[in-house]
Amino acid sequence: MTERSLLMIPGPIEFEPAVLRAMAVKTPSHVSPEFVEVFGETLGQLREVFLSSDGQPFVVAGSGTLAMDMAATSLIEPGDPVLVVNTGYFSDRFAAICGRYGAQVDQIKAEVGDVPSPDKVEAELKKKRYRFLVATHVDTSTGVAVDVETIGHLARDNGALSVVDGVCALAGMAFRQDEWAIDVCLTASQKALGVPPGLAVLMLSPRAMDVLRGRRSAVATYYANLSNWLPVMEAYEARRPHYFGTPPVNLIYALHESVRQILAEGMEARFRRHRILSRAFQAAMGGLGLKLVPLSPARMAHTMSAVYYPDGVDSALLGKIRAAGVMVAGGIHPRIADRYFRVGHMGAVTPGDILTTVGAIEQALLALGYEFEPGAGLAAAQRGLGQL
Ligand SMILES: *Cc1c(COP(=O)(O)O)cnc(C)c1O
């Protein structure tokens, strides 16, 4: 069997060869001058990726769920009111984590594929003095994007800290931490940041850092306590080693290379590329007569798409797409899990990857007897890609 296949799931994604090569360095000591320089430079450059001028970056070994856990356990005190803008599976997870650390959690839930309206969020914020407003930038279970700019401003205007799960969005979807008044944004390496799984990455605003420093109660966890990692991040950025837990040295070399590539492309160019490639893919699905999970184009993410199977087609489609050389993912939203599939198109994704994926989906649909004009998806994708 061939090893050549294209991984188009919402993380892990296809990684740039130079990022993978960066990982293959002979592991130096985590306190060696060469590693201190690499880690320190990466931390500083992450501010440019988050578009944060004065945020505090954290990079810790773990997955995106650890990043969520770190934010919640470190900032929430028992009894804190938290409002979760819920757009699916990962919002459910964030609500559960907040509850686990003693928050009183209220949720505004939208229909599958929809986003709670800003008016509703604002009305809820006026009813109670919330400490935190939590949203998922792109919920990976629905492919729905939340307008986190509005979330940030609503939180700031109503005395709450805004917390954004940016795991499936950061470095793909447009995001401006300072301008949008976001207090905490977190992500994981294997999504649009373009680094193999294993790094939890967070950026806290000065306001969020004040909340961390001003806690009345002790943080209930040890490894996930951001206060334990702060001296490490500060030291490495000042080009001094400092120990709390051994950093994942080789992964940080990979992050260093990926961040270098991201900044070389430029954040605005990167946001634009993701927007155009995603719109081209989504237009292709429309061209094939397939319906997307988000209820309107404005709600569709730029990093991934969730697509309903057409009538007469089920999850057998996934195997057929794989046979055509492309890996996509099944559904995970509990209410519609067996009715749709998901395609990641973030990070190093190219126009060729989009065409290959659309072509593989067409082949799979043909194999299953779905009736459509062969090439209709590819033609729609080509028209969209013309805007690059
Ligand atoms: C992938 C993902 C997570 C979880 O990240 P892990 O690295 O799998 O723990 C959380 N939130 C969102 C939006 C995600 O896409």
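Contact here means heavy atoms within 4.5 Å, and helices (H or I, at least four residues) and strands (E, at least two) are DSSP runs numbered from the N terminus. The model is predicted, so local features need pLDDT of at least 70 and side-chain atom pairs count only at pLDDT 80 or more, while totals for chains, interfaces and linings use all residues. Residues are numbered from 1 along each chain as its sequence is written, and side-chain values use heavy atoms, with hydrogens and water left out.

**Helix H12**

Select residues 351-367, which make up helix H12. Then step past the end of H12 to Gly369, which has a positive phi, near 80°.

**Aromatic pairs**

The structure holds 11 aromatic pairs. Rings of Phe, Tyr and Trp (its six-membered ring) pair if their centres lie within 6.5 Å; planes under 30 degrees apart count as stacked, over 60 as edge-to-face and the rest as tilted. Select Phe39 and Tyr236, a tilted pair with centres 4.9 Å apart and 45° between the planes. Phe39 lies in helix H2 (residues 33-50) and Tyr236 in helix H8 (residues 226-237), 197 residues apart. Phe39 counts as buried because its relative accessibility is 1%; for Tyr236 the value is 0%, so Tyr236 counts as buried too.

Now go to Lys191: its charged end sits over the ring of Phe90, 5.6 Å from the centre (NZ of Lys or CZ of Arg within 6 Å of the ring centre and within 35 degrees of the ring normal).

**Nonpolar core**

A nonpolar core is a set of buried Ala, Val, Leu, Ile, Met, Phe, Trp, Tyr and Cys residues joined through side-chain atoms within 4.5 Å. Which members of the largest core touch the most other members? Select Phe58, Val59, Leu202 and Leu204, out of 99 residues. Leaving aside neighbours within four places in sequence, the contacts of Val59 include Phe39, Leu43, Met233 and Ile252. Another core, of 32 residues, lies apart from the largest one, with Met8, Phe281, Ile354 and Ala381 among its members.

Notes. Buried means under 20% relative accessible area, exposed over 50%, partly exposed in between (1.4 Å probe, protein chains only). The expected span of a helix is 1.5 Å times one less than its number of residues.
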